[in-house]
Amino acid sequence: MEEYLQKAKENMIAKESILSKYACKSKDAILLKEDNDEDIRPPFFRDIDRIIHSLAYTRYIDKTQVYSFIENDHITHRVLHVQLVSKIARTIGRSLMLNEDLIEAIALGHDVGHSPFGHKGETYLNSLCQREDIGYFYHNAQSVRVLKDLEHLNISIQTLDGILAHNGEILINKYEYNSNKTKEEFLQELNDVFYKKDYSKKILPMTLEGAVVRLSDIIAYIGRDIEDSIKVGVVKREDLPKSITKVLGDNNSKIVDTLIRDIIVNSMEKPYLTFSDDVFSALLELMDWNYKKIYASKEANKHQEIVKVLFDNLFESYLKKAKNIDSIKNSTNLSDENFYRFVEEHSCKNKIERVIIDYMAGQTDKYFLKECEENIKGFNMEELYRN
């Protein structure tokens with residue numbers, strides 16, 4: 001039996017012998033702590049399993065991508081977005097002979113720290129953090145915090161680093177990586193993202209696989225958001241400027257295909273990723289168009305004035321409960337019970353304000369609104385969805 005298990009371990013990494021010299025191999029994986037040597041899975045493959053079995057991964061299912069308060073089963077939610085990122089990144093990675101296991105782990109875990117109500121919710125939590133003088137809130141760092149500190153999963157440094165370094169709002173035309181980064185440097189960067197304004201924009205991933213996911217995040221959402229916006233009537237396909245469509249195409253399938261092909265052709269056998277000049281220029285123009293026509297649209301910002309107030313009020317309600325935690329210790333109310341358990345588990349090592357931010361960030365859209373019904377007098381979730 002041992003002989004066959006050893007053979008299985010060897011089979012799991014056999015393909016790594018043909019990977020690019022720029023690829024990160026399983027033997028180079030850095031762990032937070034020693035792990036089970038008898039496990040037949042290579043470390044990055046094991047990271048994938050741990051991420052998809054995490055509680056945070058389960059909660060992807062009801063987290064906003066762009067549109068909230070819209071009853072349409074065919075628009076993208078966060079759970080689909082990360083799968084699209086994974087598929088696109090693995091296509092690029094396989095073509096460039098990189099480590100697909102590491103790519104998939106980073107891609108599937110990169111948004112587990114995203115708040116309810118997408119980037120708007122992230123902004124509201126960031127404002128609360130600054131108001132309470134506990135640093136900042138950025139979903140990339142929160143994703144690492146969830147896996148490392150809240151769920152205590154022994155995920156490799158390379159995977160956590162790729163998650164921390166992803167930033168789908170930043171488009172550049174040369175995606176590089178820092179192969180000399182150490183575990184200690186990664187941990188310092190993680191700390192700095194929480195306590196230095198906009199520090200996450202300065203981070204380079206430690207692997208080329210991390211750079212692939214960072215770029216694939218943009219490829220995954222840029223055209224998909226257009227398709228969703230057409231479905232809900234925010235834009236029409238013919239609204240897309242000809243200067244963009246003649247280069248990238250006029251639908252998500254064509255846009256994704258064009259971008260993937262271009263990045264592969266221009267990055268083959270190079271220690272960085274890059275687009276051709278015309279494709280990069282068209283992509284820049286498309287991102288600007290999306291921001292003006294989609295992300296700033298009335299439908300994408302529906303009820304956000306109310307939601308911001310709800311974030312503030314729910315935080316205050318939780319803070320009041322936390323300061324009188326014994327009053328809900330034996331509560332039969334499920335909302336109180338969940339909150340009590342979370343506070344008890346995490347408040348010994350963290351300021352209570354950060355614990356509350358962690359608790360709110362982990363909520364799905366509907367759970368957040370349900371908590372508002374439980375804790376904010378006069379709020380009705382169904383009424384919000386009806387209007």
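For a chain of 387 residues, a compact globule would have a radius of gyration near 21 Å, and the value of 22 Å found for this chain agrees with that. The radius is taken over C-alpha atoms, and the globule rule is 2.2 Å times the number of residues to the power 0.38. The model is predicted: local features need pLDDT of at least 70 and side-chain atom pairs count only at pLDDT 80 or more, while totals for chains, interfaces and linings use all residues. Residues are numbered from 1 along each chain as its sequence is written, and side-chain values use heavy atoms, with hydrogens and water left out.

The C-alpha trace spans about 60 × 60 × 40 Å along its principal axes. The chain has 19 helices and zero strands; these are DSSP runs numbered from the N terminus, with at least four residues (H or I) for a helix and at least two (E) for a strand. Of the 387 residues, 56% are buried, that is, under 20% relative accessible area with a 1.4 Å probe and protein chains only.

Consider next the open spaces. A pocket is an open set of points on a 1 Å grid over the protein atoms alone, where a 1.4 Å probe fits, with protein on both sides within 12 Å along at least five of seven lines; lining residues have an atom within 4 Å of a point. A volume is the space filled by probe spheres set on the points, which are joined across faces, edges and corners.

The largest pocket has a volume of about 750 Å³. Among its 36 lining residues, H119, K120, E122, E169 and Y291 are the closest to its centre. Helix α6 gives the most to this lining, with seven residues. The second largest pocket has a volume of about 410 Å³. Its lining consists of 19 residues, and L55, R59, F342, H346 and Y359 lie nearest its centre. Here α16 provides the largest share, five residues.

Finally, where is Q363 found? Q363 belongs to the loop between α17 and α18 (365-375). Its relative accessible area is 3%, so Q363 is buried. The Q363 side chain makes a polar contact with the side chain of Y318 at 3.1 Å; such a contact is a pair of N or O atoms within 3.5 Å, one able to donate a hydrogen and the other to accept it, and residues adjacent in sequence count only if both atoms are side-chain atoms.

Note on methods: Buried < 20%, exposed > 50% of the residue type's maximum accessible area, 1.4 Å probe, protein only.
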